[in-house]
Amino acid sequence: MSDQPTTNARPWIAGAFLLVLVTGVTLRHATNVLDKGPVFDEHYIRQPIDDLLTRGWSVETAIDFTETKGPTLVWVYALGGLLAGTDLDDLRLISVFFFVTGIVPLLLICRQCGLSGPALPLVAAFYVLLPRTAALGQLVMSEPSFIWWSLWLLWAFMWGFGHSPQTQRSVAGPVLVGVLLSILLHLRIHAVAFAVALVLVAYERDRWRSWPWWAACAAAGLSRLPLVFRWGGLVSPEYQGAHSLGVNPASVTYLAAALVPMTAVVLWPGLLDRRCAARRWMIAAGAGIGLGLAIVARPSFGETVTILDMQVKRYLGLIVLSLGRITDSPWFAAVLVGGLAMTGAAAMGALGSLGWRRGVSDRTGVVMRLQFWTLVTGCGLYGMTSGVVYDRYLVSWAVLMPIVWVVSLPRRALGVQGALLGTLLCWSVWRLLIRV
């Protein structure tokens, strides 16, 4: 899709932003969220924020707090609380800000890809429909700010990477990416998946000349080490059991299954688009990997981990909840998870097939490669952890999927995906914001 003059794009950009703004305001005032007490992890996340607001800034309150997230989350909400207020609903307003303004870097990436006209509000609509994003954007959770920082990181890479080695910003781009990645790593360690995606895309195009991007990501990673040493692990000491290193390939199986609502639809063009014919082996390879995982690394949904002296199920989220409604049989649940894992992994192959039909100098091709590598890396890294696995983590890595859907799917497939995501949106809003 060719780019259009900025003056023609402005009404569409305004419409896209207005769509997200209206959604954020409506969910805040037309649901029961302002009458609800702490939801999900809000009780735990709010404690270190309140400590900063009431006891002031010190090493104890700003670093040695008890939470699974890093200082970025706590500090930003504490600073925002000085402006918005210190009540839970005031802090939730900060999340609304992140959710609404998160569309800005996403639209900037759209413009770099040459998207214009109705495609812009369509991308905004799918941003709203990303599973649980709009609902969590009303709560004091890590997802709203993590997605916000992630989108600015990806925009910074696109801006610095340029259309070719000759047009890239070889100093300003890596420096900005390194700073944003460091901020993200101090929010959630999940940002590692973005780092791997960035360097792989840079290496594909520039080979050894991509070293500034590698250096920027390495420097960002090193900036996290002092906190790792102080905490003695990836998270604060009290939560080491929830997020610790280990070997658990069953986590990859579960996340491959959890990918299905967001990625299965790309099998449609991946199998039918003739331009992908030469790379359909990627779909077959993905299906084979998913089948292998289902056979040798079956997740046990009764398994638990210890968090703050409590036993918590290792696998949590929509997939587990849905399977529990469908069957009580562990054997049948394993068959269903295996089928979903095979489908999700095959869909990742389709995403790769669609992405590599475009050259690495094509801006949309860069976006699709970034999305592919981020999801593959994120899921793969969970095979090296022994903590809890929430399928909502996938959404934090899938922030470019609205662009992927809009540029890759035929209209009918877009409609099917929109209907599915709309159903999930209604479910998450009812469950998190309406149900008393």
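Analyst: The residues that line the second largest cavity divide into five nonpolar, two polar and one charged, where Ala, Val, Leu, Ile, Met, Phe, Trp, Tyr, Cys and Pro count as nonpolar, Asp, Glu, Lys and Arg as charged, and the others, Gly among them, as polar. This is a predicted model, in which local features need pLDDT of at least 70 and side-chain atom pairs count only at pLDDT 80 or more, while totals for chains, interfaces and linings use all residues. Residues are numbered from 1 along each chain as its sequence is written, and side-chain values use heavy atoms, with hydrogens and water left out.

Rolling a probe the size of a water molecule over the atoms shows where empty space is left. On a 1 Å grid over the protein atoms alone, a cavity is a set of points where a 1.4 Å probe fits but cannot get out, a pocket is an open set with protein on both sides within 12 Å along at least five of seven lines, and lining residues have an atom within 4 Å of a point. Grid points are joined across faces, edges and corners, and a volume is the space filled by probe spheres set on the points.

By these rules, about 40 Å³ of space lies in the second largest cavity, whose lining is made up of F98, F99, Y127, T133, G137, E143, P144 and I147. Two elements give two or more residues to this lining, α5 (88–101) and α9; helices (H or I, at least four residues) and strands (E, at least two) are DSSP runs, numbered from the N terminus. The largest share, three residues, comes from α9.

T133, one of the lining residues, is found in helix α8 (residues 133–136). At 8% relative accessibility T133 counts as buried, a word that here means under 20% relative accessible area, with exposed being over 50% and partly exposed in between (1.4 Å probe, protein chains only). Leaving aside neighbours within four places in sequence, T133 is in contact (heavy atoms within 4.5 Å) with F99, Y127, I147 and V395. F99, Y127 and I147 also belong to the cavity lining, while V395 is among the residues nearest the centre of the largest cavity.

R132 sits in the loop between α7 (119–129) and α8, and has a positive phi of about 70° although it is not a glycine. R132 is buried, with a relative accessible area of 10%.

The largest cavity holds about 180 Å³ and is lined by 13 residues, of which P131, A258, L318, D391 and V395 lie nearest its centre. The elements that give two or more residues to that lining are α14 (260–263), α17, α20 (393–397) and α22. By class, its residues are ten nonpolar, no polar and three charged. In total, the structure holds two cavities of 30 Å³ or more.

The surroundings can also be described through the nonpolar core, a set of buried Ala, Val, Leu, Ile, Met, Phe, Trp, Tyr and Cys residues joined through side-chain atoms within 4.5 Å. The largest such core has 141 residues, and those with the most contacts inside it are L115, Y127, F157, L370, L400, I403 and W405. Helix α9 (residues 142–161) gives this core its largest share, twelve residues. F157, apart from neighbours within four places in sequence, is in contact with V177, L198, V201, A202, W213, V366 and L370.

Residues 24 or more positions apart account for 79% of the contacts with a separation of 6 or more. With 436 residues, a compact globule would have a radius of gyration near 22 Å, and the protein, at 21 Å, agrees; this radius is taken over C-alpha atoms, and the globule rule is 2.2 Å times the number of residues to the power 0.38. The C-alpha atoms fill a box of roughly 60 × 55 × 45 Å along the principal axes.
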